[in-house]
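Here are a few friendly notes to read alongside the model.

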Amino acid sequence: MSASADLKERIAAVVESHRDDIVEVGETIMRNPELGFKEFETAALVQQKFDELELDYRAGLARTGVKARIDTGRPGPTLALIGELDALVVAGHPMENPETHAAHACGHNAQIAGLMGAAAALSDPTILRDLCGSIVLFAVPAEEYVEVEYRHGLVQEGELEFLGGKPELIARGEFDDVDLAMMIHTHSRPDENGMASVTASNNGCVVKQIRYIGKAAHAGGAPHMGVNALYAAHIGLAAINAVRETFRDDDAIRVHPIITRGGDLVNVIPSDVTLETYVRGKTTDAIDVAAAKVDRALKAGALALGAEVEIITLPGYLPLVNDQDLTEFFLANQRVVHGEPQARRQGHRTGSTDMGDVSHIMPALHPSMAGAVGSNHAVDWLIDDPQMAYLEPAKALAWMAADLLGNGAEEARRVLDNFQPRMSKDEYLAYQRGLSQVERWSGAESA
């Protein structure tokens, strides 16, 4: 049984009473973007808002995460409401940080604004008295899997184990006290996605750092004395493109490498060239098969030039599978607000999120709501509808808490009874840790 209309109306009223503050949170974060595991100012703002709401919290989780807990005083499951702290690199964005080129071109600023609005509603005693169990309000770092070299350095220094925020928090036990979890993403395509939508699933990924090692020589006077690592990389990239037609359409494979270092001087044969890529897919099995083909293609470049190639494989994110019971609660609420055609189920999508990791061990939901314009991760992406981007997600998060934890938390218990974990936490960690490997292969020795 979903929560009463009266309770939801009271939640909406509390959110609207905090309108100016919620919008200011979203706009402040938009103006001050920070990259993953560096979101110190954004985390400080979250702490300030939790202080204003007189919520107990813990900070500095996986460097910047902030976690508050509201206990109703009545037994029941724990629901985590999540917002992501980080931006990504989008040089040329009108609101980029000029030093780091970080920009909120994905809407994580709206996630935190919505989370703060939900916190205001759910900490209100007149709302809380109708709920059972507990609510975790979780601002998490580093969903965007960027600056791979920097993050890998933190791993090598022992500061992190994983390069994504939620995997790191799972490993640290910060989800051990959570039974169900959800968050809301902002989208910019209401014509395609309606005002609110839920995908069935999203791709997972592994991440690779690649280094081709050749031999420097004078590019004009003695190129025959060198081994051109850039040409080796070029052939490796061409080989990846050649194997794309072997990827099954049903597996939704995506491989999109970039060159992060292409040489040092134009008159020196490049001897040290580095690349990064994701290998994304619909299932872990599909990712494993595609990743092996990518490795083989990369070795072809080394073989052709007689170079060496080092391939570092890093655990990425597991495929997202949205819980169907949670999906229906979310869409039912949005149908009331926006009408049936504007609350939509979507098929599989090929982007990746570390909410997929959470979805393997507990019921999880990662829907999206309108409120932006432009292309995701691009210079034209901006919030254009503060009501839809900031206020409506706050209501939607709090309404989900009301549906799940109202009426003795019977619906949360039902969702948990229906859920079959794809992995236990221990199985999840074993799988992710098993992905990490370093392979160094010599084309000269294999010729």
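1. A word on terms before we start: contact here means heavy atoms within 4.5 Å. Please also keep in mind that this is a predicted model.

2. I11, V14 and V15 in helix 1 meet G117, A120 and A121 in helix 4. Of the residues in this contact, five are nonpolar, one is polar and none is charged.

3. Next comes the geometry of the pair. Two packed helices are described by the angle between their axes and the distance between the axes. Helix 1 covers residues 5-17 and helix 4 covers residues 108-122; they pack at an angle of about 120°, and their axes are 9 Å apart. Helix 1 and helix 4 are therefore oblique to each other. Their crossing is right-handed.

4. Now to the cysteines: how many disulfides does the structure hold? The count is zero. A disulfide is a covalent bond between the sulfur atoms of two cysteines. For C106, the closest cysteine sulfur is in C205, and at 14 Å that is too far for a bond; the cut-off for a disulfide is a pair of cysteine sulfur atoms within 2.5 Å.

Note on methods: Residues are numbered from 1 along each chain as its sequence is written. This is a predicted model: local features need pLDDT of at least 70, side-chain atom pairs count only at pLDDT 80 or more; totals for chains, interfaces and linings use all residues. Side-chain values use heavy atoms; hydrogens and water are left out. Axes are lines fitted to C-alpha atoms, for helices over the stretch in contact, and angles run from 0 to 180 degrees between N-to-C directions. Helices (H or I, at least four residues) and strands (E, at least two) are DSSP runs, numbered from the N terminus. Angles under 35 degrees count as roughly parallel, over 145 as roughly antiparallel, 65 to 115 as roughly perpendicular and the rest as oblique. A crossing is left-handed if the near helix is turned anticlockwise from the far one by less than a right angle, and right-handed if clockwise. Ala, Val, Leu, Ile, Met, Phe, Trp, Tyr, Cys and Pro count as nonpolar, Asp, Glu, Lys and Arg as charged, and the others, Gly among them, as polar.
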